Amino acid sequence: MTTAKRDTYTPETLLTVAVRVFNERGYDGTSMEHLSRAAGISKSSIYHHVAGKEELLRRAVSRALDGLFAILEEPGAQRGRAVERVEYVTRRTVDVLMAEVPYVTLLLRVRGNTKTERWALERRREFDQRVAELLQAAVAEGDLRADVDIRLATRLLFGMVNSLVEWYRPQPGGFPGEEQLADTVVQLAFEGMRANGSRRAH
């Protein structure tokens, strides 16, 4: 049985197991022995694929970060008024989170205790800053209220989006309202911030 698993294990399937264990035990509380037992393969087999658990962590958080930063390069994030772009980015961030729940969960739990974690935190801050700049531009264009503190608004926006990892779990066939989840987040987040006269027509 173990031999068969060793023969068929891939870096991708190993990463899936590692992310699950990291999220269950915490990265610091996970040893190579824990990963070996969870995967059902020897530690030497794991080392055949990766240098160690920090490489697994970097691959995992990179998957989440790559998904987020790719949003910023999409046409919807590049064109149009700033408020439309930031709403698009928010909607797509929810999409990425829903598609990559375990990976985004792990990204949100890193604490900066290792080089990889500090790198991930810096990348997260960079993404947040890019969104904050879009919010600021939307204020400058008169579409968002000028009396809303941008730093606070950014924190609240990501607080709402990131809270999805605490309860959202993909279900076969989905659940009522799942398809509208991203739209609901955008509506709740931005309707209260829109400047008078800049309400979205329904």
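Contact here means heavy atoms within 4.5 Å, and helices are DSSP runs of H or I with at least four residues, numbered from the N terminus. The model is predicted, so that local features need pLDDT of at least 70 and side-chain atom pairs count only at pLDDT 80 or more, while totals for chains, interfaces and linings use all residues. Residues are numbered from 1 along each chain as its sequence is written, and side-chain values use heavy atoms, with hydrogens and water left out.

In α2, the residues Pro-11, Glu-12, Leu-14, Leu-15, Ala-18, Val-19 and Phe-22 meet Lys-53, Leu-56, Leu-57, Arg-59, Ala-60 and Arg-63 of α5. With nonpolar covering Ala, Val, Leu, Ile, Met, Phe, Trp, Tyr, Cys and Pro, charged covering Asp, Glu, Lys and Arg, and polar covering the others, Gly among them, this contact of α2 with α5 has 9 nonpolar, no polar and 4 charged residues. Two packed helices are described by the angle between their axes and the distance between the axes. The axes are lines fitted to C-alpha atoms, for helices over the stretch in contact, and the angles run from 0 to 180 degrees between N-to-C directions. Helix α2 (residues 11-25) packs against helix α5 (residues 53-71) at an angle of about 90°, with the axes 10 Å apart. That makes α2 roughly perpendicular to α5, a term that applies to angles of 65 to 115 degrees.

Helix α5 also packs against helix α8 (residues 101-109), at an angle of about 105° and with the axes 8 Å apart, which makes α5 roughly perpendicular to α8. On the α5 side the contact is made by Leu-57, Ala-60, Val-61, Arg-63, Ala-64, Leu-65 and Leu-68, and on the α8 side by Tyr-103, Val-104, Leu-106 and Leu-107. These residues divide into 10 nonpolar, no polar and 1 charged.

On a 1 Å grid over the protein atoms alone, a cavity is a set of points where a 1.4 Å probe fits but cannot get out, a pocket is an open set with protein on both sides within 12 Å along at least five of seven lines, and lining residues have an atom within 4 Å of a point. Grid points are joined across faces, edges and corners, and a volume is the space filled by probe spheres set on the points.

By this rule there are 2 cavities of 30 Å³ or more. The largest cavity has a volume of about 110 Å³, and its lining, to which α5, α7 (82-99), α8, α9 and α10 each supply at least two residues, includes Leu-65, Leu-68, Val-104 and Leu-107. That lining divides into 8 nonpolar, 2 polar and 2 charged residues. The second largest cavity, with a volume of about 40 Å³, is lined by Val-89, Thr-90, Thr-93, Phe-127, Val-131, Leu-157, Phe-158 and Val-161. The elements that give two or more residues to the lining of this second largest cavity are α7, α9 and α10, and by class that lining has 6 nonpolar, 2 polar and no charged residues.

The largest pocket has a volume of about 390 Å³. It has 14 lining residues, of which Asp-128, Gln-129, Arg-151, Thr-154 and Arg-155 are the closest to its centre, and the elements giving two or more residues to this lining are α9 (115-140) and α10 (150-162). The lining of the largest pocket divides into 3 nonpolar, 5 polar and 6 charged residues.

Methods. Parallel < 35°, antiparallel > 145°, perpendicular 65-115°, else oblique.
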